[in-house]
Amino acid sequence: MKFVTLFNKKIKAMKYNYVGNTGLRVSELCFGTMTFGGQRGGIWEKIGKLQQEEVNGLMQSVIGSGINFIDTANVYSIGESEQLLGQSLKDLNIPRDQIVIATKVLGRMDEHPNSLGLSRYHIFNSVDASLKRLQLDYIDILYVHGVDFKTSLEEIVRSLNDIVETGKVRYIAICNWPAWLVAKAQAIAHYNGWHKFIGLQYHYAAVTRDIEHELVPMAQDHNLAIFPWSPLAGGFLTGKFSREESSEGSRRSIFDFPPIDKEKAYDLVDVMKEIGQQYEASIAQVALAWVRQQPGITSTIIGAKSVKQLNDNIQSVNITLSNEDLKKIDAVSPLPLQYPGWMVANQSSYRDE
């Protein structure tokens, strides 16, 4: 087994996974840049206010660890995250052909009526604006950041196909769509000979396992990569929160998102703390290891406000949870089947004879 030295500690050499059947390989951890910027105020200031010097320090550590997959979005701090990331790539002289850069389109960028959504108009304008902020010639992966029911699905898929054809985008992917809409979009692309989506970015943590109902099976059937966001449930699964105490000033204490079942989360923190003691690992490392080991997961998105926090998250790749560990976590984070799931389970034995 190969190791690299990072922050004076040895970590297992980063593993690279294939993204569906594209042939593209990305690191098992992806670095998310939502904490970059924050000067526009609002929720972005609550999430993070990192400026260029701090950004460069984090990016240096990211690249040094072997992470080759970087995630941002046009709407993060209304363009600031992309600007800071682009300048960091330039400042650190990071070779463009050794990294995979992802950004997103959907959210409102200014007060003008067409500066949001998934219209052809906004997709093309948004890509040009993102490339300018990132100081890049192309985007590796462009995500649609959510749904736009005011634009026809065929128009969205056609526009995304055409933006790939320009060479400004290499692959397209999806955030936050229901499974039925993803499957319908893939069918539209298939029957028209257009570029298909290659992956899904969805919230997934041990305390929030909703995607296991429909999205994970659908992704596996369509050979789509899954890139979980907020695997620590907005910081709740870091060990900063317990029934006895909460962390004042943490992101969760001032921006309570994404929504979770906190009673279940407290139970998980207790179990993960016990498991972590076996590995001399933090609760966050155990939580990240759990996500990484789930079926269908290609690359888990981690964020950080400091090099110390980043280091702790990266070291989660050293941990491989045992079947017994996974059963302990499953015991306190059950996902009750929803209809028709429980009916499918009840009826599926009729073919067993």
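Visitor: At what angle does helix α5 run to β9?
Guide: This is a predicted model: local features need pLDDT of at least 70, side-chain atom pairs count only at pLDDT 80 or more, and totals for chains, interfaces and linings use all residues. Residues are numbered from 1 along each chain as its sequence is written, and side-chain values use heavy atoms, leaving out hydrogens and water. Helix α5 (residues 153–165) lies across β8, β9 and β10 (197–203); helices (H or I, at least four residues) and strands (E, at least two) are DSSP runs, numbered from the N terminus. Axes are lines fitted to C-alpha atoms, for helices over the stretch in contact, and angles run from 0 to 180 degrees between N-to-C directions; α5 to β9 gives about 150°.

Visitor: Which strands are the edges of the sheet?
Guide: The open sheet has 8 strands with parallel pairing, in the order β11-β10-β9-β8-β7-β6-β5-β12. Strands pair if DSSP finds at least two bridges between them. Each edge strand pairs on one side only. The edges are β11 (225–229) and β12 (300–302).

Visitor: Which strands does helix α4 touch?
Guide: Contact means heavy atoms within 4.5 Å. Helix α4 (residues 120–134) packs on the sheet, its direction making about 135° with that of β7 (100–105). The strands touched by α4 are β7, β8 and β9.

Visitor: Are α2 and α11 roughly parallel or roughly antiparallel?
Guide: Helix α2 (residues 52–65) packs on helix α11 (residues 307–314) at about 20°, with axes 10 Å apart. Under 35 degrees counts as roughly parallel, over 145 as roughly antiparallel, 65 to 115 as roughly perpendicular, and the rest as oblique. The α2 and α11 angle therefore makes them roughly parallel.

Visitor: What is the hand of the crossing of α2 and α3?
Guide: The axes of α2 and helix α3 (residues 80–91) come within 9 Å and cross at roughly 60°. A near helix turned anticlockwise from the far one by less than a right angle is left-handed, clockwise right-handed. The crossing of α2 and α3 is right-handed.
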